[in-house]
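Please keep the sequence and the structure in view while reading.

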Amino acid sequence: MPQKDPCQKQACAIQKCLQANKYIESRCDDVIRAMRVCCEHAGENSVCCSGFVREQKSTEPKTLL
């Protein structure tokens, strides 16, 4: 039996919030922040975090060697 995604609850909360607020992301900052926190802890163990993990990697500053 597959395990439940550890951040599914937060992902569903984002969808619910966005639908209730006509997809204005700024009105859902708190639930989006909760998703980021969950993804920091769950990392690659969560399919729901795949977009958040990519987003975080692309916004990290590049270091020169």
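The model is a predicted one. The protein contains three helices and zero strands, and its elements follow the order α-α-α from the N terminus. Of its 65 residues, 26% count as buried.

**Helix α1**

- The buried residues of α1 are Ala 11, Ile 14, Cys 17 and Leu 18.
- Viewed down the axis of α1, these buried residues fall within an arc of 125 degrees, so they line one face of the helix.
- The face turned away from that buried side carries the exposed residues Lys 9, Lys 16, Gln 19 and Ala 20.
- Gln 10 also belongs to α1, and it is partly exposed, with a relative accessible area of 22%.
- Apart from its neighbours within four places in sequence, Gln 10 is in contact with Ala 34, Met 35 and Cys 38.
- The C-alpha atoms of Gln 10 and Ile 32 are 7.9 Å apart, although 22 residues separate the two along the chain.

**The nonpolar core**

- In soluble globular proteins, nonpolar side chains tend to be buried together.
- The largest nonpolar core here has 14 residues, and those with the most contacts inside it are Cys 7, Ile 14, Cys 28, Met 35, Cys 39 and Phe 52.
- The most is given by α2, with six residues.
- Leaving out residues up to four places away in sequence, Cys 7 touches several others, including Met 35, Cys 39, Ala 42 and Ser 46.

**Disulfides**

- The whole structure holds three disulfides.
- Cys 7 is joined to Cys 38, with an S to S distance of 2.0 Å.
- Because Cys 7 lies in the segment before α1 and Cys 38 in helix α2, this pair ties together parts that are 31 residues apart in sequence.
- Cys 17 and Cys 28 form another disulfide, with sulfur atoms 2.1 Å apart.
- Cys 17 is in helix α1 and Cys 28 in the loop between α1 and α2, so their bond ties together parts that are 11 residues apart in sequence.
- Cys 39 and Cys 49 are also bonded, with sulfur atoms 2.0 Å apart.
- Here Cys 39 lies in helix α2 and Cys 49 in the loop between α2 and α3 (50–59), so the linked parts are 10 residues apart in sequence.
- Numbered in sequence order, the bonded cysteines pair as 1-4, 2-3, 5-6.
- Cys 39 counts as buried at 6% relative accessibility, and Cys 49 counts as buried at 0%.

- Cys 12 is partly exposed, with a relative accessible area of 45%, and Cys 48 is partly exposed, with 29%.

- Most residues other than glycine have a negative phi.
- Lys 22, which is not a glycine, has a positive phi near 55 degrees.
- Lys 22 lies in the loop between α1 and α2 and counts as exposed at 72% relative accessibility.
- Tyr 23, found in that loop between α1 and α2, has a positive phi of about 60 degrees although it is not a glycine.

Notes:
Residues are numbered from 1 along each chain as its sequence is written. This is a predicted model: local features need pLDDT of at least 70, side-chain atom pairs count only at pLDDT 80 or more; totals for chains, interfaces and linings use all residues. Side-chain values use heavy atoms; hydrogens and water are left out. A nonpolar core is a set of buried Ala, Val, Leu, Ile, Met, Phe, Trp, Tyr and Cys residues joined through side-chain atoms within 4.5 Å. Buried means under 20% relative accessible area, exposed over 50%, partly exposed in between (1.4 Å probe, protein chains only). Helices (H or I, at least four residues) and strands (E, at least two) are DSSP runs, numbered from the N terminus. Contact means heavy atoms within 4.5 Å. The arc is that of the directions from the helix axis to the C-beta atoms. A disulfide is a pair of cysteine sulfur atoms within 2.5 Å.
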